[in-house]
Amino acid sequence: MMTEGIHLTDLDSLVKDPKCVEDLRDLVNENIDKYSKQINSENSSQILEIMLQIEKRCRQAFDGDSLCILAEKIIIWSEKYGSLDTSLEYLQLLCKKRGQLKKVISHIIHIFMKWLIDCEYIKIEWFESNNHGELNIFAKSNEHSPLISTEDCIKVITALNEITKGKIYLELEAARLMIILSRIKESQNKVKEASNILEDITIETIGNMEIKEKYQYILEQMRLALLCKDFVRLQIFAKKINTKVLDNYNDLKLIYHQYLIYLWLYEQEPYEIAQCYANLLDSLITSSSSDNLDTFSSIPNHIKIFSYPKLDISLCIEGFIFYMVLVPCSEIKDNELARFKKKYIKYIQQKIPYCEYFIDNYLNKEVLFFENTKFFTYSIPSYFEQHIKKSDIFVRDSNIEYIRMDCLDNRNMLVPKMYYQYHKRCKINLCIASDRLKLFLHRIQQRNLCIFSRYYRTITFERIQELINIDEVDLQIEVNDLIERRLFSAKINQPERYIHFNYSDNSNSTFVFNKYHSNIKDILNKLDLVNDLISSDQMIHQFRVKRDATHA
């Protein structure tokens, strides 16, 4: 084969620079000291031409350190004694030289990126804070930036993109340039353009980027997708984050699960929303226990798009409990609530003690009344009117309209026209607070019907309507739904208008099903046997016909 003589060492030129054959640092420093005293706006072009000749000698000697010093002076002098366009011309000239060292190209890119970061028109608050170990590349310095407008910034980014395009060793710088350009577009109220800039960047494939910066980048992609109401891309971006690794970064975990709450509200998934609140609660408790109480307040406002005025432990506890109640009735839901109460009983008793009473009342096997009927006036628990109905979960709409969008002019965003599919009585949209309260009361009614199946053998429609507020049509819908999900077994007698609950033995039902399955399997085996016998008879018959024909 032609590739037998190729070794990895033969590919070194593709991934790293050749070794230096001559150290020209003294020559470079001598000329820099000499011409730094002579250069001015009139003779700058001649001096820069002389520096380019020295650059060629250093490049041929593969002296990367000297080249970096020289290239930096050429860029700074061309901007100082010329213009920004002049420095961009020298950027193209230096980076496109034949055999230019990768180290030099990276250094030149970093010079211009430093100008972008120091520009007063560029604000990347998320990366400027060093409280949680962010990279210093995004930290502003006290140096003056030559970029005096956003047009200058865009011009520099366009030139740098042309240089970094297709170069693997500059993929990190290219990704950072895109996030700077995206922030500029967002500041110009072009949120859709800002989202389009970042949506195709596969940040997870960049090997030399730290994991925390990757997750910050993905969160920025999620934020812009959410502002554009692109929930498909939002879910794609969310799947790129490993939640086990995210547990190491509480500030990022807080933001990630808040974004997911909006995603699952749009998808109408109350169970997933409840799990997000549980993760937020874990993160807040971890921050409190580690004396890092300022974790949430240190996150910039444009990142915190949560619709509620304050994210605290009480809200997370209410969010998990109430959204878990919105999940269809099942033993799994009851077990989740019981485990949650056992794990966080300390915080429940300290912050919102009424939730403890509510969980106890919900998990016991007694009927729970939150509203009176025409025939009975119940002693409704005081916490329902005083706390549950006034909770932010059932008061504030959680649609895109309440996202903090300081950069947007159009705030009249409509609630998505999607409905919760596991409720058959009416259209429920979990993004609307009143619909959530309506579904909450419906779930309580379903739970009460399950309790009736434990205490009644036969019960009339009238008796159920006396006990709970439900009309006859909705009653039959609810009972059919609960029977389909095998919460109990019952038969509805519509002519006589009563429900008969069956107490069948589960083990006996399993035995009958297994016997039925076995019988079907025997029938299929016998059909296969008959098919084989018919095929063999056909083959024998064809053989005899051919034999008789040959003898004749």
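Which backbone oxygen lies 3.3 Å from a polar atom of the side chain of Thr 164? The backbone oxygen in question is that of Asn 161, and the pair qualifies as a polar contact, defined as N or O atoms within 3.5 Å, where within protein one atom must be able to donate a hydrogen and the other to accept it, and where residues adjacent in sequence count only if both atoms are side-chain atoms. This is a predicted model, in which local features need pLDDT of at least 70 and side-chain atom pairs count only at pLDDT 80 or more, whereas totals for chains, interfaces and linings use all residues. Residues are numbered from 1 along each chain as its sequence is written, and side-chain values use heavy atoms, with hydrogens and water left out.

Thr 164 itself belongs to helix H8, which covers residues 150-164; helices (H or I, at least four residues) and strands (E, at least two) are DSSP runs, numbered from the N terminus. Thr 164 counts as buried because its relative accessibility is 4%, the classes being buried under 20% relative accessible area, exposed over 50%, and partly exposed in between, for a 1.4 Å probe and protein chains only. When neighbours within four places in sequence are left aside, Thr 164 is in contact with Ile 109, Leu 170, Ala 174 and Leu 177, contact meaning heavy atoms within 4.5 Å.

Gln 258 is buried because its relative accessible area is 1%, and a polar atom of its side chain lies 3.2 Å from the backbone oxygen of Leu 254. The C-alpha atoms of Gln 258 and Tyr 277 are separated by 8.3 Å, although these residues are 19 apart along the chain.

From here one can turn to the nonpolar interior. A nonpolar core is taken as a set of buried Ala, Val, Leu, Ile, Met, Phe, Trp, Tyr and Cys residues joined through side-chain atoms within 4.5 Å, and the largest such core has 136 residues, those with the most contacts inside it being Met 222, Ile 321, Phe 358 and Phe 440. Helix H14, spanning residues 250-267, gives the most to this core, with 11 residues. Phe 358, once its neighbours within four places in sequence are left aside, is in contact with Ile 321, Phe 322, Val 325, Leu 368, Phe 370, Tyr 383, Ile 388 and Phe 440.

The strands come next. An open sheet is formed by 3 strands in the order E1-E3-E2, with antiparallel pairing, where two strands pair if DSSP finds at least two bridges between them. Its edge strands, each pairing on one side only, are E1 (458-460) and E2 (489-493), and neighbouring strands of the sheet are turned by 20° against each other on average, direction ignored. Strand E3 (residues 498-502) runs antiparallel to E2 and is joined to E2 by 5 bridges; Lys 491 stands opposite His 500 in E3, and Ser 489 has Asn 502 as its bridge partner in E3. E2 and E3 form a hairpin with 4 residues between them, and Arg 497 in the turn has a positive phi of about 60°. Helix H24 (residues 472-484) lies across E2 and E3, running at about 150° to E2; axes here are lines fitted to C-alpha atoms, for helices over the stretch in contact, and angles run from 0 to 180 degrees between N-to-C directions.

Charged pairs complete the picture. A salt bridge is a side-chain nitrogen of Lys or Arg within 4 Å of a carboxyl oxygen of Asp or Glu, and by this rule the count comes to 26. Glu 55 and Arg 59 meet in one of them, at 3.0 Å from N to O, and they are separated by about one helical turn because they stand 4 residues apart in helix H3 (residues 44-60); both are buried. Glu 213 forms a salt bridge with Arg 176, the closest N and O atoms being 2.9 Å apart, and this pair links distant parts of the chain, with Glu 213 in helix H11 (residues 211-227) and Arg 176 in helix H9 (residues 171-187), 37 residues apart. Both Glu 213 and Arg 176 are buried.
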